[in-house]
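Please open the structure in your viewer and keep the sequence panel beside it. The stops below say what to select next and what is there.

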Amino acid sequence: MPHRPVLSNADARKLFLHRHLLGEAPQGPGRGDDLLNLIRALGFVQVDSVNTVERAHHMILFARRPAYRPAYLKPLLERDRSLFEHWTHDAAVIPTEFFPHWRLRFDRDDRRLHARWSEWQGTDYVDELERVIEHIRANGPCLSSDLLGEEGRGGPSGGWWNWHPSKTALEYNWRTGRLAVARREGFQKIYDLTERVLPEAAARPRPPLAETVDFLNWGAMERLGFATSGHVAAFWAHLSPAETAQWCRDQVAAGELIDIRVENARGMPRPFLAPPGIFDEVTELAPPPNRLRILSPFDPLIRDRNRTELLFGFHYRIEIFVPESRRRYGYYVFPMLEGDRLIGRIDMRAERDAGILRVAKLWLEDGVRFSKGRMQRLDQELARMARFAGLASVAHADGWLDEVA
């Protein structure tokens, strides 16, 4: 077996944190161009509706820009149109400059979703696809509830299994690029024709397939730092694992990627691919700051749960869909990052009527204890989190601290 250089676990964590913009002390206005550059550097920011403190996309941005506030995102999406909403591995906010490369996604979703959605939803929505487009063309942007029509068309629209055919057609036309999200009211999407929402982006020519493949794969590798071909394919979730595996083989043959080994959290080396300059790069990176940050469960650092466990030894699962009696932690607990370690998780909730951020429980990982300095850093982060969520104070439930996971 040829020699493969080894990246230590400490260096791997340091590099991964820097690539996800958590390796430096957070600073910057968190709005306008600074916010756009942040999202561009991350590649995208996942959108999620759960709002126990703030929604995931806002918490992801706040973890990197403490000056950020939720109102700062809307102008980029709805006024400047420098961001758009679409799909990676899930719903996400994406720089509009990337839009031409999403044409491949639109085409593939058109083939892929038709078979899946016809099985799950039936085929009634197919008859609605053109009607929905014509309705919006004639009447302007709409919510799904605007398309129920005189006959009710299937009843309530809440939840996947209750989607009426017109709502399914709206989502299908959005996923396949004919419609775009013009804005949101509350958290409901309002759709319009893509050429009206993103006229400049929609008019750009479609890139050649090879250019999009390079854009997606290099974009993933640059943001991950080191990866398997599976990690690269899963980052945007546009290309098949086989396509990305072939691309990786081609880059290795061309000397653009090299085979390395990366130590996991237990010091055992695992095979990865990386750019040749990775070892020089990591020596120049500063150690991550000792600041304590509370992360969204959908933060890019922990989005790939298996990778997070491999690098940080931190096992994390969201327990929303786990029956309450079987939950180990809670409905929606937040990981805590300190320096280059994920040190625990916290169950907290905004009690908006009372203006309180309520901490229900906190669990530390094995071997982590609360020193005076760590407690001070936690208090500072909770105070920041309360201000971010528009709350006046922090309160702790009785028995909130459990020092051993």
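The model is a predicted one, in which local features need pLDDT of at least 70 and side-chain atom pairs count only at pLDDT 80 or more, while totals for chains, interfaces and linings use all residues. Residues are numbered from 1 along each chain as its sequence is written, and side-chain values use heavy atoms, with hydrogens and water left out.

Now widen the selection to strand β7 (residues 258-263) and β8, which run antiparallel and are joined by six bridges. Helices (H or I, at least four residues) and strands (E, at least two) are DSSP runs, numbered from the N terminus, and two strands pair if DSSP finds at least two bridges between them.

## Second stop: an antiparallel sheet

Select Q46 next, which stands opposite A92 in β4. Here β2 and strand β4 (residues 91-95) pair in the antiparallel sense over two bridges. They belong to an open sheet of three strands, ordered β2-β4-β3, whose pairing is antiparallel. Because β2 (45-46) and β3 stand at the edges with a single partner strand each, one side of each is left without a neighbour in the sheet.

Select F226, W236, V262, L301, F312 and L342, the residues with the most contacts inside the largest nonpolar core, which has 55 residues. A core of this kind is a set of buried Ala, Val, Leu, Ile, Met, Phe, Trp, Tyr and Cys residues joined through side-chain atoms within 4.5 Å; buried means under 20% relative accessible area, exposed over 50%, and partly exposed in between (1.4 Å probe, protein chains only). Helix α10 (residues 209-224) gives the largest share of this core, five residues. Apart from this core lies another, of 46 residues, with L35, L76, I294 and I320 among them.

Keep F312 selected and show what surrounds it: leaving aside residues up to four places away in sequence, F312 touches R13, F16, L17, A265, L301, D340 and L342, where contact means heavy atoms within 4.5 Å.

Select L21, in the loop between α1 (9-19) and α2 (32-42). Phi of L21 is near 60°, a positive value in a residue other than glycine, and L21 is partly exposed, with a relative accessible area of 29%. Then move to R81, which is found in the loop between α4 and β3. Phi of R81 is also near 60°, again a positive value in a residue other than glycine, and R81 counts as partly exposed at 22% relative accessibility.

Select H58, K74, L77, E78 and R184, which, of the 23 residues that line the second largest pocket, are the closest to its centre. On a 1 Å grid over the protein atoms alone, a pocket is an open set of points with protein on both sides within 12 Å along at least five of seven lines, a cavity is a set of points where a 1.4 Å probe fits but cannot get out, and lining residues have an atom within 4 Å of a point. About 380 Å³ of space lies in this second largest pocket; grid points are joined across faces, edges and corners, and a volume is the space filled by probe spheres set on the points. At least two residues of the pocket lining come from each of α3 (56-64), α4 (74-79), β3 (83-87) and β5 (179-185), and β5 supplies the largest share, four residues.

## Last stop: the cavities

The structure holds three cavities of 30 Å³ or more. For the largest, select P26, F62, A63, P66, R291, R293, E381 and R384, which line it, around about 50 Å³ of space. For the second largest cavity, with about 40 Å³ of space, select F84, E85, H86, F99, F106, W174, G177, L179, A180, T194 and L198, which form its lining. β3 gives the most to the lining of this second largest cavity, with three residues.
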